[in-house]
Amino acid sequence: MIEQLPAILVLTPVFGAMLVGLFGTKDPRACFPIVIVTLTLTLITAFLSAHQVFTNGTIDYFMGGWEEPLGIGIHLRIDGINALVLCAIAVVVWLVTFFSVRRFGAEDTEKTPQFYILYQLLCVGLFGITIAGDTFNLFVLVEISSLTSYGLIAMGSSRRGTFAAFNYVLMGTVGASFYLLGVGYLFLKTGSLNMQDIHTILATNSAVAESKAVTIAFLFILVGIWIKMAFFPLYGWLPNAYSYCPSTTACTLAPLMTKVSVYVMIRVMLGVFGYEWVFQHEGWSDLVVWLAVIAILSGSVLALAQREIKRMLCYLIVAEVGYMVGGAWIADPDHWGFTGAIYHILADAMMTLCLFLAAGIFAKRLGAVQISDLEGLFKKMPLTSIGFVVGALAMIGVPPTCGFFSKFYLIRGGIEGGHWEYVIALLISSLVNAVLFFRIFEIAYFGNKPAEGHDHGHHEETEQGGAQQGSVSGQNPLGTGLLSREAPATALFPLLAAAAIILLLGIFNGPIVALIRGALEGLPAL
Amino acid sequence: MFAKVFATIAVVITGSLLLYGITDFPAFGDPDSPANAGVEGGAPSAPLYYINESYNDTKVPNLVTSVLADYRSYDTMFETVVIFAAGMAIFAILGAVGTDKDARPVHPQMNTSVNGDHSRIIVGTTVRIVVPVVQLFALYVVAHGHHSPGGGFQGGVILGSSFILIALAGNLSTALERFSERSYMLLASIGILIYGGFGVLCMALDRNFLDYGVLQKVFLTDGPEMARSHAMLGVEVGVACTVTAIMFAIYANLASRGTLKDGL
Amino acid sequence: MDFIRETIQPHFNFWIYVILMMIGLWAVIAKNNLIKKLIGLSIFQTAIILLYVSLGVKDGATIPILDHHAEEVEMAEHAEEAEHGVELVPGHEIGPANGGRHALADTIANPLPHVLMLTAIVVGVATLGVALSISQMVFKEFGTLEENEILEQLKAGNTDD
């Protein structure tokens with residue numbers, strides 16, 4: 001049973017999706033129980049796999065039983081790095097499932113089964129990406145997660161959302177195609193699709209390792225992954241796509257898609273090309289760190305300029321991606337950069353989840369889309385506010401939240417690697433985040449006007465989006481003072497759980513970082 | 001204007017980078033290139049293994065099918081899942097909620113797509129004769145994938161296109177009468193369940209997912225090779241089911257803009 | 001002329017794929033109509049498929065399907081010969097009469113790129129389907145498929161969206 005864990009992890013959501021397809025279409029109320037059971041099973045499997053990896057070492061799994069020679073079958077691999085990422089993904093999707101129940105209160109239940117099918121297939125894609133050990137298999141799974149995310153974003157989007165979804169499709173497909181191109185060049189030069197095999201070839205065969213084709217392959221794979229993670233300057237699609245889509249979708253995609261792409265970049269750098277090969281030219285490292293610096297600064301400054309909550313959070317994601325890419329490319333001698341980047345994947349997933357959940361609750365409960373709509377928030381929704389505040393503090397980098405520790409490790413890596421521009425950018429970004437969030441706290445805490453009867457027609461966000469533009473007579477049926485009580489339990493539970501995990505990740509950062517560093521040491525040629 | 005300039009610059013840069021990478025590629029058609037014969041320092045070349053050993057492992061002469069459905073069957077399963085996800089996404093995006101006020105009114109007669117009655121006779125009669133042959137050919141392609149070019153995807157597309165042909169010649173409702181929305185959703189899910197089912201059966205018999213060799217106990221064959229061959233056929237059938245259903249579903253949803261009331 | 005013979009000719013398949021790909025990429029960025037962008041995307045993906053398939057070509061090789069009948073005929077022939085006391089060629093497998101492993105691999109094209117590209121084609125079709133349905137939605141919302149008109153409508157509708 002234990003040996004089959006990787007397969008179980010990826011297959012459970014597939015079967016869940018098929019079951020929803022069979023039974024959910026008859027009765028939409030059956031969807032949620034099926035999904036919760038499936039995702040609880042994956043949560044357990046993910047944690048079991050992590051436990052297995054950290055006690056017994058890397059798990060290698062060959063699909064179809066084709067082990068020898070290496071490369072004829074498809075290889076799945078769980079080692080220390082992706083075990084933690086798996087747990088993060090499993091936790092996030094599990095929590096968001098609870099949040100998604102509110103979607104279908106009295107509204108359109110016709111599309112409930114489709115939503116849950118796409119949702120579970122997205123989980124399949126994300127898990128599969130994380131444990132893939134074969135370059136082409138990674139492409140197929142990236143396409144699964146991309147296709148399902150296109151569907152989720154376009155489904156029930158507002159007017160602007162449709163055009164944003166179209167641009168997202170174009171950019172996403174171009175990105176995945178660049179990745180495929182790079183894999184093709186690599187295959188042409190090394191004759192193999194297996195990541196471990198390519199790594200060995202590049203380490204031992206210098207003729208191949210120094211060829212121009214391999215360099216171009218690396219470049220295109222990297223650019224493809226950068227498009228997917230919205231790294232500067234290819235981030236244009238992200239703010240539009242994530243701010244105009246329904247809340248639940250944003251809560252799933254924002255914490256996960258970009259972080260998993262960062263993980264893929266780290267895996268390609270360390271597991272396919274190898275540390276020695278990637279950092280053979282110092283110039284590359286410097287160039288990428290400068291790009292990361294620009295990403296961090298532009299993301300933070302643009303976030304400051306936003307009036308809408310979700311859009312502001314999207315630009316913060318761009319900045320966070322800059323942290324992680326910069327951390328991975330620092331090349332400091334003691335590898336604190338990589339440690340920080342991997343820890344930040346976990347931290348940022350939880351922070352983004354927390355903030356987007358809060359934004360979703362604000363939008364649904366208060367009809368609040370603009371920051372100025374959040375007046376008097378803390379009085380009206382104290383529990384939600386606690387969650388939001390924890391997430392905000394983590395973004396700023398206040399101990400004992402995980403945000404502080406990830407910045408700490410990244411700064412340490414930056415100092416040891418001699419990249420002072422990166423350190424300064426991190427500090428400026430923390431300052432900007434502080435300004436941003438304290439401005440919100442001020443409006444939320446000290447604002448006096450209760451939310452009844454706003455007479456400027458603000459955009460009422462409904463999960464369906466579509467034709468309802470603005471609230472008709474200024475009456476927000478959900479957001480009048482009477483109804484603005486606390487958010488429902490199904491929405492509060494994931495928010496507070498995410499906040500709790502943020503604190504736990506911070507408090508227990510010592511053991512987690514030790515695990516990460518152990519895993520990094522275990523990688524060959526690091 | 002700006003877009004064209006930017007596009008030209010981007011294309012020139014990307015193109016030159018790609019061409020730069022080409023300079024140390026092996027020549028076209030070289031049988032000793034790394035892709036064809038492997039390279040020093042790595043594991044033995046997988047394609048060479050497939051060419052030399054796959055018949056001994058699976059008793060299937062079509063090397064592409066044996067690689068697709070056995071060695072790399074995990075990829076093929078996800079390919080099927082991709083098609084299924086696309087069908088679901090299209091239905092989720094376009095599926096009409098309530099009435100779509102832009103939908104054209106439904107015509108009770110079967111002649112909305114062709115002008116006048118006369119051409120309907122020719123088209124309708126031809127289609128009536130041709131569709132069964134097409135479907136038979138599709139089933140042949142699925143079943144014969146082991147020995148000639150073919151397999152689940154190809155056969156599934158042909159089978160799906162036979163229903164599209166009915167819809168094009170007559171009315172979308174005609175085709176939907178024969179292959180309703182409920183049926184194709186069911187068929188699509190069943191296809192993937194078949195595929196996954198084979199794999200899970202292997203896991204239940206205490207081997208890795210999709211390790212068909214162990215199914216010799218279930219199929220009662222002489223050795224693992226024939227079991228693999230049979231399991232590959234079963235898996236291809238699953239793929240064909242899903243592809244048929246989704247191909248028609250995509251057409252139906254796109255042509256009617258999600259309403260499934262009237263087609264082209 | 002030498003440049004063509006030495007640089008382009010041995011790699012002409014790769015030159016073709018680069019040119020196709022760049023045409024596709026140019027269309028995706030520069031064209032105004034959404035459907036034309038999708039066509040460009042399709043060309044772009046097809047060029048990559050062309051690259052992979054041309055990787056597996058070997059001079060003088062045939063499709064990667066082993067000839068079943070040839071094997072049976074040869075086995076029958078060899079069985080006859082064995083009866084007449086002729087030695088069997090050791091290590092013989094199905095395929096051309098020359099036998100031997102290396103020769104077999106030389107006459108059969110590489111099956112792996114074909115398999116990979118079956119998957120890639122399917123993925124491309126799926127993406128195209130989803131993109132077309134999104135463009136239908138865009139048309140329903142904006143009444144046009146030209147990017148500049150859509151952007152104008154978005155800018156104009158900024159206040160009341």
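Start with a rule: a salt bridge is a side-chain nitrogen of Lys or Arg within 4 Å of a carboxyl oxygen of Asp or Glu. Searching the whole structure turns up 9 salt bridges over all chains. Side chains of opposite charge can pair when their charged atoms come close.

Some housekeeping: this is a predicted model, where local features need pLDDT of at least 70, side-chain atom pairs count only at pLDDT 80 or more, and totals for chains, interfaces and linings use all residues. Residues are numbered from 1 along each chain as its sequence is written, chains are lettered from A and ligands numbered from 1 in the order in which they are written, and side-chain values use heavy atoms, with hydrogens and water left out.

**Stop 1: chain B**

Select chain B and switch to a cartoon view. You'll find 11 helices and 0 strands; helices (H or I, at least four residues) and strands (E, at least two) are DSSP runs, numbered from the N terminus. Of its 264 residues, 57% count as buried, where buried means under 20% relative accessible area, exposed over 50%, and partly exposed in between (1.4 Å probe, protein chains only).

Contact here means heavy atoms within 4.5 Å. Looking at contacts in chain B between residues at least 6 apart in sequence, 64% join residues at least 24 apart.

**Stop 2: where B meets A**

The area buried between them is about 5500 Å², with 72% given by carbon and sulfur atoms. Buried area is the accessible area (1.4 Å probe) that two parts lose on being put together, summed over both.

How many residue pairs are in polar contact across the interface of chain B and chain A? The rule finds 12, with both residues at pLDDT 80 or more. A polar contact is a pair of N or O atoms within 3.5 Å; within protein, one must be able to donate a hydrogen and the other to accept it, and residues adjacent in sequence count only if both atoms are side-chain atoms.

**Stop 3: a bridge between chains**

Between chain B and chain A the count is 1 salt bridge. Zoom in on Arg72(B) and Asp134(A), whose closest N and O atoms are 2.7 Å apart. Arg72(B) sits in the loop between α4 (63-71) and α5 (73-94) of chain B, and Asp134(A) in the loop between α4 (112-131) and α5 (135-154) of chain A. Buried or exposed? Arg72(B) counts as buried at 1% relative accessibility, and Asp134(A) counts as buried at 0%.

**Stop 4: a bridge inside chain A**

Next, pick Arg517(A) and Asp334(A), which meet in a salt bridge (3.7 Å, N to O). Arg517(A) lies in helix α21 (residues 509-522) and Asp334(A) in the loop between α14 (309-329) and α15 (336-366), so the pair ties together parts 183 residues apart in sequence. Arg517(A) counts as buried at 16% relative accessibility, while Asp334(A), at 36%, counts as partly exposed.

**Stop 5: chain C**

Finally, select chain C, with 7 helices and 0 strands. Of its 161 residues, 45% count as buried. Find Glu147(C) and Lys37(C), a salt bridge with its closest N and O atoms 3.1 Å apart. Glu147(C) is in helix α7 and Lys37(C) in helix α3, 110 residues apart.

Bring chain A back: 40 residues of chain C are in contact with 29 residues of chain A. Across this interface the rule finds 0 salt bridges.
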